[in-house]
Every structure is written in structure tokens, then in C-alpha cells.
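Please keep the sequence and the model in view while reading.

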Amino acid sequence: MGKIKAVVTGGAGFLGSHLVDALMMNGHEVSVIDNLSSGSLDNLKAWLSRPGFSFVRGDLKERNGAWRSVLRGADVVLHFAANPEVRISSTEPRIHFDENVVATFNILEAARRADVNVFVFASSSTVYGDPEVIPTPEDHPKRPISVYGASKLACEILIETYHRLYGIRTLALRYANIVGPRLTHGVIVDFIKKLRNNPRELEILGDGTQKKSYLHVSDAISATLHLLDLLLRGAFSCDAFNVGSEDWLNVIEIANIVVEAMGLPEVKYTFRPMTPDGRGWPGDVKLMLLDISKLRATGWKPSMGSREAVERTVEELLSEGT
């Protein structure tokens, strides 16, 4: 991949900041747009005073915000801004509509008007809902069971339409559960915080049998840059790829990993299922394992499986003081 000028929305967040790290270390020019609602400038501190990097605090929900000027002269928009907490969508659905659908439309339209013709979107495995086929391929029916998943799917449809209507080259990345340093939400963070508060008992949302795939953020970024390079080289012009590992873990196994890493003896597990079939919350996909054969066919594969990704993440978060 030749040197590019990239705009990363949500670049101060967990996944976005790791993407910024990789782009900057590879010598690209990077501009970040972030409203800092869930991200932190600490995640970007290595680059704030470096040439070739700029940061604009802006809210993509503001259609005519000053952030639009950042897109002038850019080669690619990597749209990673979103509200990452899936659980919120069952109680505050408008948050995901505004933060995902409205914001995505605004950045798409701004990219079109600025003549940016490459657009990469951080989508999610939640677009599939409860899958009928596991591992789940990209052509599986999309039946989201959360407003979060529905909002991601709506964004994908918008992006595909902008490709057909305006010729913007697009890539949708349907990520599995991404874990690693700087993670601020999800089951691993939840368990660590609960055990720091009470090292004798751990409340587990759901019945513990929820089983999902986990991918370390280093692999997620590696796959992202690999597919971006293919898009820039013309290997495809509008496509969606599953990005995940090839195995999965259940919630009890994750709890065991966290408890062992924290050196806690005889922790009592208390289960709190929120649905009759044992989910952690309404809208939680209970079983998720992506079929990544399409991605593997391009020459990429993950460097670690779900267990190693979770084990490494627990160590990383504990060392960060989570």
C-alpha cells in the first residue's frame, strides 16, 4: 500500500486508536475525528505532536459541523465511530440510531461532497442476529435481534447504496468480539471490575453458556489493513467480510480465565439470566462464530484463537490497571 491520507472517525476509541497506531507506524498521514464520548486522547498520546497527524474534536451527528473540513484531500475514510455498548440498545434505542445511522449518513455524505472515493466501515457480527448456520458466512440472512445490530445493517445498506449511486468504493468489516489493550467494555472488563470489587463472588449475566468468538485487536487491525490494501488495489469495489477467529469460548470459560489470572481462590459464580433461554440481556446473540473462509481466501488468517486472545487481553488489562 502506497502512502495515503486517511481520516479515521472514532480514532480515539478502542479499535480506532489501534488502527491509528498501525497507520502512523506505516508512514501514512492520519486525521482523527472523535467527540470523545467513549474514546480518550490518552489513546492517541503517542501521535498528538507528530507530523502527519491531526486531531479534530467533532460530533458526526452535527451535519454541518466543522469536522467536515478534515475530509478535503483525503484518500480514504475509515469510519469507526459508534456507540460500542450493545446492551444500551434494548433500553435506549435512539442512542444507536443517532450514533450509528445518523452519524454514518453524515460522514458518507461529507465524503461524497469532498470527493473521497474509498470508504471503510466497522460493522459487526450482530447484523446476522441468531444464525441458522454456524460458522456463519457473509451471505447468511441478516435478521438482527438488537437495535445495535439493526443500526449496523442499516449503515451497510446506506454504504452499498452510495457505492451504486455515486461510485464510492466501499468495504464493510463484520467484526467478531474484538479484545485487547485499551478495551473499556464487554465481558472481560465487566468480570475484572466485579472481581476487584468483590473477589469472593462473580455475578455473570446470563446462564454462562453463551458462546462466542474472540479476536485480538492486533489481528483485527492486521485484517483491516490487508483488506484496505486489496480495496485500494482494485481487487473489489464494494464488499463485506467477516473478521474473526476460527474457534469460540463460553462465558464460564472466560470467567475461569479471569479468576485464574487474578489469582483468586474459590470464587462463587452467581448467574443472572435475563431471558428464558439464558441470555445476558434482551438482544444478546447467544451463539456467534463467524465463517472467515472468504477472508482466508485472500491470504489472511488470524495469528491466535479465541482462548489465546482472551488470555492475552486479561493480562494486558490487568497490567493497565483495569
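A residue counts as buried under 20% relative accessible area, as exposed over 50%, and as partly exposed in between, with a 1.4 Å probe and protein chains only. This is a predicted model, in which local features need pLDDT of at least 70 and side-chain atom pairs count only at pLDDT 80 or more, while totals for chains, interfaces and linings use all residues. Residues are numbered from 1 along each chain as its sequence is written, and side-chain values use heavy atoms, with hydrogens and water left out.

With a relative accessible area of 0%, Ser306 is buried. Ser306 belongs to helix α8, which spans residues 306-320; helices (H or I, at least four residues) and strands (E, at least two) are DSSP runs numbered from the N terminus. Contact here means heavy atoms within 4.5 Å. When neighbours within four places in sequence are set aside, the contacts of Ser306 are Lys212, Ser213, Tyr214, Ser245, Asp247, Trp248 and Leu249.

Helix packing comes next. Two packed helices are described by the angle between their axes and the distance between the axes. Axes are lines fitted to C-alpha atoms, for helices over the stretch in contact, and angles run from 0 to 180 degrees between N-to-C directions. Angles under 35 degrees count as roughly parallel, over 145 as roughly antiparallel, 65 to 115 as roughly perpendicular and the rest as oblique.

Helix α6 (residues 251-261) and α8 have axes that come within 10 Å and cross at roughly 40°; α6 and α8 are therefore oblique to each other. On the α6 side the contact is made by Glu253, Ile254, Ile257, Val258 and Ala261, and on the α8 side by Arg307, Val310, Glu311, Val314 and Leu318. By class, this contact of α6 with α8 comprises 7 nonpolar, no polar and 3 charged residues, where Ala, Val, Leu, Ile, Met, Phe, Trp, Tyr, Cys and Pro count as nonpolar, Asp, Glu, Lys and Arg as charged, and the others, Gly among them, as polar.

A further pair is formed by helix α2 (residues 93-113) and helix α3 (residues 147-166), which pack at an angle of about 15° with their axes 9 Å apart. The two helices α2 and α3 are therefore roughly parallel to each other. The contact of α2 with α3 has 12 nonpolar, 4 polar and 3 charged residues.

A nonpolar core is a set of buried Ala, Val, Leu, Ile, Met, Phe, Trp, Tyr and Cys residues joined through side-chain atoms within 4.5 Å. The largest such core has 66 residues, and those with the most contacts inside it are Leu15, Val20, Leu78 and Tyr175. Helix α5 (residues 217-232) gives the most to this core, with 9 residues. A second, separate core of 22 residues includes Val7, Ile33, Leu60 and Phe119.

Ile134 and Pro135 are joined by a cis peptide bond, with omega about -5°, and Pro135 lies in the loop between β5 (118-124) and α3. Leu36, a residue other than glycine, has a positive phi near 60°; Leu36 sits in the loop between β2 (29-34) and β3 (53-57). Arg182, although not a glycine, has a positive phi of about 80° and is placed in the loop between β7 (177-179) and α4 (187-197). At 23% relative accessibility, Arg182 counts as partly exposed.
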